[in-house]
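This report goes through some local features of one protein structure. Please keep the sequence and the 3D view at hand while reading.

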Amino acid sequence: MTPSRPGMKREAADPYGSPMTAEQRRQVRLMFLGFLCLFILVGVRLHFVHLMPNSSLNVEEAKHIGEITLREPRGEIYDRNAIRLATNREVPSLWVDPTTLADPAAFSARVAPAFGLDAPTLTERLMERTADGKLYRFKWVKRWVTEPEESVAMANLTREFEGILHVQYESLRHYPQRMAAAQLLGFVNRNNEASEGVELVFDKHLRSEPGVYRARTDTRRRLLESRVLEYVPAKAGESLQLTLDINIQHNLERVLDQRMIDTKASQGMGMLMDPFTGEILALATRPSFDPNYYESYTNDQRRNKAITDPFEPGSAFKIVTAAAAIEEGLITPATMINCENGGFNPYGHYIRDFYRLGVEPFSKAFEDSSNVAIIKVAKMLGPERLEQWIRAFGFGQRTSRDFPPGAETAGQFRERKDWNRLSMGSLPMGQEISVTIPQMARAFAVIANGGYLVEPHFVKRAIASDGTITFEHDAGDRPRIISEQTAATMRELLHLVVLNGTGSRAAMPEYTAGGKTGTAQMASLTGRGYSKDRYTTVFAGIAPIKNPRLVAVIVVKEPMIRERWGGFVCGPVFKEVVRDALVRLNVPADIEVEGNEEKVLVAKATRRPKAAAEAPEEESADGDTLIERLSDEEIQALLAAMEHDFEPLDPLELRAPGRDPVEGEPVLPDLIGLTKREAYAALGRLNVQWDPHGAGRVVSQNPPAGTPISQVQLCALEFSPAPLEDEEEAENETS
């Protein structure tokens with residue numbers, strides 16, 4: 001120890017060491033700046049890695065994430081009795097990894113013939129490469145193996161090329177009823193896209209929504225349940241319940257097919273509908289197609305021609321004019337009408353009837369399908385009211401929201417301003433207008449249900465997988481078109497058509513039926529005029545008469561037999577399909593059979609002999625008069641020859657049923673000598689319809705002066721040129 005010297009001061013010791021020197025402080029600052037720079041670099045790098053990663057990092061990240069698309073089946077379609085019409089089934093498809101093929105050409109040569117494939121084409125597909133020149137790792141060989149022979153070949157080939165040829169199951173739309181209601185149902189193509197029919201219109205209900213399951217994977221690419229990144233469950237399609245009864249549908253198609261064979265016809269269509277609800281029980285277009293193999297058919301074969309192809313209804317359209325005139329109070333079934341012995345020239349075109357009727361009650365004229373009578377009744381309505389009634393019955397417009405957008409045609413019905421001078425002689429008997437089967441069914445439903453216009457439809461409801469009803473048909477407002485009394489009168493008239501008239505072949509042994517026949521020439525294939533030997537035949541009707549349960553419309557096109565009449569061709573189809581449907585619906589019979597006579601429980605009418613026809617060549621012909629259609633050139637020549645808006649009708653000898661006049665009731669005045677303007681004003685004050693002929697002053701009137709107004713249905717007036725001194729006044733009169 002060094003001894004301390006006296007007088008020296010000892011420096012106190014610093015427990016934390018000596019203070020930093022300037023050099024040390026400089027070194028510390030450098031180290032801090034270095035660590036700060038390193039921290040900033042790491043932060044920037046992390047920022048780029050996480051927010052703007054390099055593509056190689058994304059690729060690497062993707063290798064550790066797996067994804068599975070979750071799928072649920074498309075919704076099924078059922079008929080009203082829960083019979084399956086459209087479903088799904090799992091079918092095998094074959095695929096291969098081209099990188100595992102040593103000789104693609106030899107593989108194709110062995111596999112292609114078994115599935116009807118072209119070997120060179122298959123080889124070319126297997127040899128396709130990516131943009132960077134590598135073979136694809138997945139290629140289809142044969143998709144949707146459904147044929148039995150292909151299934152056998154698939155089993156043999158997968159054994160032969162074990163580990164090379166692989167099987168993958170895919171969902172495929174399947175239609176177990178095959179061709180039944182095919183055009184109505186539509187189909188789903190191989191890409192799972194809805195095409196036409198119910199499948200298309202209600203695709204938003206039927207289609208399923210895929211889900212997704214994403215998670216990290218282990219080294220074997222198995223998804224780790226503990227590392228789920230995303231999960232969206234799949235949504236199953238909703239099931240549809242239709243109003244269709246597939247058994248009634250099968251029978252309708254079977255009978256139509258047989259009738260087409262019997263009559264050598266090119267096409268048949270039919271529809272059965274509940275007249276109160278508008279539910280379609282059956283809708284058929286023949287020939288049909290198999291939606292399971294839709295690609296084997298043309299677009300024309302797959303089209304639902306019952307709603308896309310309008311046709312002229314012929315005499316079946318007469319219900320519109322008849323119902324309108326009865327509703328307007330212009331006629332009753334007992335109103336006597338002069339049917340001109342079966343020949344008539346109302347508007348410059350000669351009209352004939354099959355039966356040579358004279359002065360007959362309207363009921364008789366209607367059951368024998370008199371064109372003369374219905375044209376005279378239409379004249380009483382006038383063109384304005386006739387147009388209004390045609391539109392009120394729903395013609396010229398689409399009928400249903402259930403038919404595919406743009407598929408259902410509205411038919412062809414011109415506005416009043418576009419009618420020509422022949423229209424009032426054509427429209428009342430179903431010419432110059434084209435309609436669809438649903439339009440005709442809806443019009444007859446008005447008569448069957450007491451006067452209401454309903455919407456034809458074939459989808460009842462949509463049901464989700466949990467049982468929730470997501471859609472149900474809403475009938476909405478049903479506008480009343482005619483009164484219950486008019487509807488009842490029309491039902492009796494339609495019943496007489498089947499009982500005694502042109503529709504006798506539609507009569508059923510257990511049920512009363514009513515209907516109307518129609519026959520119309522088809523347009524020429526050249527696009528000019530009408531064909532002389534191609535016809536559309538129609539029968540539309542109701543059954544039973546007192547308590548209607550069904551409306552049916554049957555159409556057969558181009559029957560190649562001599563008896564080309566609506567009653568002969570379509571009446572038997574109506575009889576068979578409606579009778580079968582009523583039995584299936586458990587509708588009680590309304591005809592009792594006593595010995596050899598029928599006792600009708602709902603109608604007082606009895607069968608009576610037919611009026612004598614003018615030497616018919618065909619024993620089975622009926623009163624569906626085939627009016628010779630004019631060519632376009634003939635129509636233009638007629639129109640050019642006419643001077644007035646409408647050629648005047650021949651005198652209408654209408655006789656009202658006699659009844660006792662009411663005391664003090666106004667009577668028809670003496671109109672002789674009056675001008676047209678004066679006569680029109682006088683009859684207008686009495687609310688009497690007139691039928692003027694000629695020009696000048698009245699020289700005769702029918703009924704005569706003094707007839708009680710209650711007995712006047714129509715006043716026919718003959719005019720003659722005015723005397724010379726009144727010539728100037730006559731020229732100023734309204735024609």
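## Exposure and the model

A residue counts as buried under 20% relative accessible area, as exposed over 50%, and as partly exposed in between. The structure described here is a predicted model. Phe138, at 34% relative accessibility, is therefore partly exposed.

## Aromatic pairs

How many aromatic pairs does the structure hold? There are 16 aromatic pairs. In one of them, Trp95 and Phe138 are stacked, with 4.8 Å from centre to centre and 25° between the planes. Trp95 belongs to strand β3, while Phe138 sits in the loop between α4 (119-126) and β4 (139-142), so this pair links distant parts of the chain, 43 residues apart.

The rings of Phe107 and Phe161 form an edge-to-face pair, because their planes stand at 75°, with the centres 5.0 Å apart. Phe107 is in helix α3 (residues 104-111) and Phe161 is in the loop between α5 (148-160) and β5 (165-174), so the pair ties together parts that are 54 residues apart in sequence. Phe107 is buried at 4% relative accessible area, and Phe161 is buried at 16%. Elsewhere, ring pairs join Phe187, Phe289, Tyr294 and Tyr297 into a cluster.

## Arginines over rings

Two arginine contacts with ring faces can be looked up in the view. Arg190 lies over the face of Trp144, 5.5 Å from the ring centre. Arg259 lies over the face of Phe568, also at 5.5 Å from the ring centre.

## Backbone features

Which residues does a cis peptide bond join at Pro544? The bond joins Ala543 and Pro544, with omega about -20°. Pro544 is in the loop between β20 (530-543) and β21 (550-557). Another cis peptide bond joins Asn702 and Pro703, where omega is about 5°. Pro703 is in the loop between β26 (697-702) and β27 (715-720).

Ala82 has a phi near 65°, a positive value in a residue other than glycine. Ala82 is located in the loop between β2 (77-78) and β3 (84-96), and at 56% relative accessibility it counts as exposed. Asn192 also has a positive phi, near 65°. Its place is the loop between β6 (187-188) and β7 (194-195), and Asn192 is exposed at 54% relative accessible area.

## Cysteines

A disulfide is a covalent bond between the sulfur atoms of two cysteines. With a cut-off of 2.5 Å between cysteine sulfur atoms, the count comes to zero disulfides. Cys339 is buried, at 0% relative accessibility. Cys570 is buried as well, with a relative accessible area of 0%.

Technical notes. Residues numbered from 1 in each chain as written. Predicted model: local features only at pLDDT ≥ 70, side-chain atom pairs only at ≥ 80, totals over all residues. Heavy atoms only, no water. Helix = DSSP H or I, 4+ residues; strand = E, 2+ residues; numbered from the N terminus. Buried < 20%, exposed > 50% of the residue type's maximum accessible area, 1.4 Å probe, protein only. Phe/Tyr/Trp six-rings, centres within 6.5 Å; stacked < 30°, edge-to-face > 60°. Lys NZ or Arg CZ within 6 Å of the ring centre and 35° of its normal.
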